[in-house]
Amino acid sequence: MYTLPATPQMTTASGLPLGAVISPLADTPTEEEIHVVDPGPNGPVRCSRCRAYMNPFARWVDGGRSYVCPLCNCKNDVEETYFSPLEPNGKRADHASRPELSHGSVEFVAEAPMYLPKGPAHAPGLCFVIDISEQSVTSGVVALVSSCLKTLLPQLPEETKISIVTYNTAVHFWDLTAAPPRMMVVPDVDAMFLPSSSHFLTVSMSKSAPSVEYFLSNINSISQQQLQYHRNGPASLGAAIQAANLALQETGGRALVFNSSMPIGGPGALKARSNLDLGANQERERTLLSPQTNFYRTVAGQCAENEVAIDLFLF
């Protein structure tokens, strides 16, 4: 198969699950200097429906006074300051002189009041969510994660805000303003909440560095102590993701989740599935490609509302 199906009908007929990995501003073998576009006080031209930026694939209509968004097919009017007549081939006369119309990657200069998140700007937030269940401890995952974070965290900017969540059958928030850091346990994973203000749970690297270093140096002993109370219990991954979203809800940011076991307990619990259980029934085999629960779709929507991204590392 040398090309991707061009229509939904061809995709269905192929019977193959298709996807794409999109890397904006990725390095290319023939790297060119990325052009910087200053659109002025009105900001970049964007689609009124999906908010896509102006790009080379916009289709110009009405003599150049409107364009059709290539992502959602919405027709947008063009302001007089951005108008240009069309050439016989349908392209704008100023196509070659505008990088956003002739290059796939450009940098837009955006006015700060228009393009910062709602409310005051915040330093980026990072939440490290670590599985400390029995399987994670005995397999060495906890020690590996601790070693990697010790190496990487000193390289972060001092204004970066850090929070730490650990989990097994319960979820543990860590107050990084205390020395040593203080564990706050939420045992009821089906009703997740913040046990303290996020100002204590998400603090800048410059203020939390000693507490973070202490935590990473002692996480193995902390995890061993927790095994006395939560041995053989299922790790609640779904609740831990909810906890990370709550910790970052005021700043937004990214949660890095390190998980080493199937979430068979708590919200979003899953069951192991195998095509051997379905026999030779091809119709039933399709159920293996369907989610068991809509929990993670719902949580993803909640994270998007808070501008929180989730990176999931499975061991």
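Me: Is D62 buried, partly exposed or exposed?
Reply: D62 is partly exposed, because its relative accessible area is 44%. Buried means under 20% relative accessible area, exposed means over 50%, and partly exposed lies in between, with a 1.4 Å probe and protein chains only. This is a predicted model, in which local features need pLDDT of at least 70 and side-chain atom pairs count only at pLDDT 80 or more, while totals for chains, interfaces and linings use all residues. Residues are numbered from 1 along each chain as its sequence is written, and side-chain values use heavy atoms, with hydrogens and water left out.

Me: What does D62 form a salt bridge with?
Reply: With K75; the closest N and O atoms are 2.8 Å apart. The pair links distant parts of the chain, 13 residues apart: D62 sits in the loop between β2 (59-61) and β3 (66-68), and K75 in strand β4 (residues 75-77). Strands are DSSP runs of E with at least two residues, helices are runs of H or I with at least four, and both are numbered from the N terminus. A salt bridge here is a side-chain nitrogen of Lys or Arg within 4 Å of a carboxyl oxygen of Asp or Glu.

Me: How many salt bridges in the whole structure?
Reply: A search finds seven.

Me: What about R254, which residue does that one meet?
Reply: R254 meets D311 in a salt bridge, 3.0 Å from N to O. R254 is in strand β11 (residues 253-259) and D311 in strand β12 (residues 308-314), 57 residues apart. R254 is partly exposed, as its relative accessible area is 37%. D311 is also partly exposed, at 25%. Elsewhere, salt bridges that share partners join R92, D94, R98 and E100 into one network.

Me: And R182 with D175, how far apart are the closest N and O atoms?
Reply: They are 3.2 Å apart, in a salt bridge. D175 is buried, because its relative accessible area is 5%. R182 counts as partly exposed, because its relative accessibility is 43%.

Me: Changing topic. Where is S84?
Reply: In the loop between β4 and α2 (99-102). S84 counts as buried, because its relative accessibility is 5%.

Me: Which side chain does S84 have a polar contact with?
Reply: That of D94, at 3.4 Å. A polar contact is a pair of N or O atoms within 3.5 Å; within protein, one must be able to donate a hydrogen and the other to accept it, and residues adjacent in sequence count only if both atoms are side-chain atoms.
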